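I opened a new model today and kept notes as I went. Here is what I looked up, entry by entry.

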Amino acid sequence: MRVERLTGVLGATVVVEDVKTLSDSELDDVRALICEHEIVVLPNQNLSPIEQVEFSRRFGPAADSPFIEPSPDHPEVIKVLKEASDGNAFNFGGAWHSDFSFQSAPPSFTFLHALDIPPYGGDTLWSSMTAAYNALSDAHKEQFARLASVHSARDAYSPKMQPIHSGLSSMNIVCDESANESEIHPLITTHPETGKKVLFFNRAYVRDLVGVADEIEKLRLMDWLHLHTTDAKFTVRHKWASGDLALWDNRSTQHYALNDYAGFRRELHRTTIAGTRPSS
């Protein structure tokens with residue numbers, strides 16, 4: 001197993017011949033690498049949907065994936081698919097977010113296997129919320145430790161958003177009123193495996209802050225948090241190749257899929273692993 005860091009902050013390429021043949025101890029090593037580097041890419045992997053599910057289950061049970069109709073090949077697989085004919089339609093994952101942070105127990109890991117990649121565009125960026133926390137001033141660390149954030153899918157999957165998602169001809173995303181529900185999580189969390197502090201924020205799903213009384217100050221702080229957590233110095237950008245298998249830690253990252261490949265087809269298969277409730 002060869003590990004090559006992608007940046008000085010997060011990300012690594014991990015070269016293994018075939019993830020399907022990893023031993024339990026090697027799988028433990030991969031899990032530790034994901035927690036350490038937050039996003040790892042394993043090139044040249046060949047996985048059918050059921051093989052991806054079997055590999056994913058070795059990390060834990062599948063997470064619940066609301067609003068998105070799964071692949072007909074397997075209910076634990078989501079086809080992240082934009083057809084060439086979809087043109088400039090909004091692509092799935094096209095905003096900075098952490099997968100389903102609006103759930104009471106958001107996913108721990110997400111696995112994305114690249115099958116059909118455009119000749120250019122469609123890169124994915126990740127940002128380290130561990131590095132974003134470490135870069136805070138002592139005053140901000142103290143202030144944010146007293147705050148909580150309200151996570152909701154209302155501006156992503158409530159009925160008003162249906163026309164945006166319906167632009168994807170080969171993904172069936174069904175928006176409904178349950179997206180208006182919310183969960184409150186600490187703004188500063190502790191990673192359950194590494195013990196590191198994390199600035200658990202993403203602008204897609206955080207709709208309010210608990211502990212800030214002034215509304216103007218709250219809006220300014222949320223804007224500041226978005227700009228801080230997505231600063232280029234905390235990020236890595238990956239150019240996909242067919243066969244890439246990306247494994248990342250939702251508990252300490254945000255990610256963003258770029259939508260700059262109109263006229264080309266892009267297909268990846270996603271599986272997610274169940275997590276635990278974030279805690280401070």
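**Entry 1: one pair of residues.** I noted that this is a predicted model. I began with Leu81, which stands opposite Glu267 in strand E15.

**Entry 2: the whole sheet.** I then traced the sheet itself. It is open and has seven strands, in the order E1-E2-E3-E13-E5-E15-E4. The pairing is mixed. I reminded myself that strands of a sheet pair through backbone hydrogen bonds, either parallel or antiparallel. Which strands are at the edges? They are E1 (2-5) and E4 (78-82), and each pairs on one side only.

Entry 3: Helix H2, residues 49-57, lies across E5 (109-116), E13 (245-249) and E15. The helix runs at about 30 degrees to E15.

**Entry 4: Lys20 and its partners.** I found Lys20 in the loop between strand E2 (12-15) and helix H1 (24-37). Lys20 is partly exposed, with a relative accessible area of 36%. I set aside its neighbours within four places in sequence and listed the contacts: Asn46, Leu47 and Glu51. Lys20 and Leu47 are 27 residues apart in sequence, yet their C-alpha atoms are 8.2 Å apart in space. What does the side chain of Lys20 reach? It reaches the backbone oxygen of Asn46, at 2.8 Å.

**Entry 5: two positive phi values.** I checked phi in residues other than glycine. Asn44 has a positive phi, near 60 degrees. Asn44 lies in the loop between strand E3 (39-42) and H2. Phe100 also has a positive phi, near 50 degrees, and lies in the loop between E4 and E5. Is each one buried or exposed? Asn44 counts as exposed because its relative accessibility is 65%, above the 50% cut-off. Phe100 counts as buried because its relative accessibility is 1%, under the 20% cut-off.

**Entry 6: Gln103.** I stayed with the loop between E4 and E5, where Gln103 is found. Gln103 counts as buried, at 12% relative accessibility. Not counting residues up to four places away in sequence, Gln103 touches Asp64, Pro66, Glu183 and His185.

**Entry 7: helix H7.** I ended on H7, residues 215-229. It has 15 residues and reaches 21 Å from its first C-alpha to its last, close to the 21 Å expected. I looked up its N-terminal end: Asp214 caps it, with a side-chain oxygen 3.1 Å from the backbone nitrogen of Ile216. Which residues of H7 are buried? They are Lys218, Leu221, Met222, Leu225, His228 and Thr229. Seen down the axis of H7, these buried residues fall within an arc of 130 degrees, so they line one face of the helix. An α-helix has 3.6 residues a turn, so residues three or four places apart point the same way. The face turned away from the buried side carries the exposed residues Arg220 and Leu227. Last, I listed what the buried residues of H7 pack against: strands E6 (124-128), E10 (197-199), E11 (206-210) and E14 (253-257), and helices H3 (129-134) and H4 (138-144).

Key. Residues numbered from 1 in each chain as written. Predicted model: local features only at pLDDT ≥ 70, side-chain atom pairs only at ≥ 80, totals over all residues. Heavy atoms only, no water. Pairing = 2+ DSSP bridges. Helix = DSSP H or I, 4+ residues; strand = E, 2+ residues; numbered from the N terminus. Contact = heavy atoms within 4.5 Å. Axes fitted to C-alpha atoms, helices over the stretch in contact; angles between N-to-C directions. Buried < 20%, exposed > 50% of the residue type's maximum accessible area, 1.4 Å probe, protein only. Expected span 1.5 Å × (residues − 1). Arc of directions from axis to C-beta. Polar contact = N/O pair within 3.5 Å; in protein donor to acceptor, adjacent residues only side chain to side chain.
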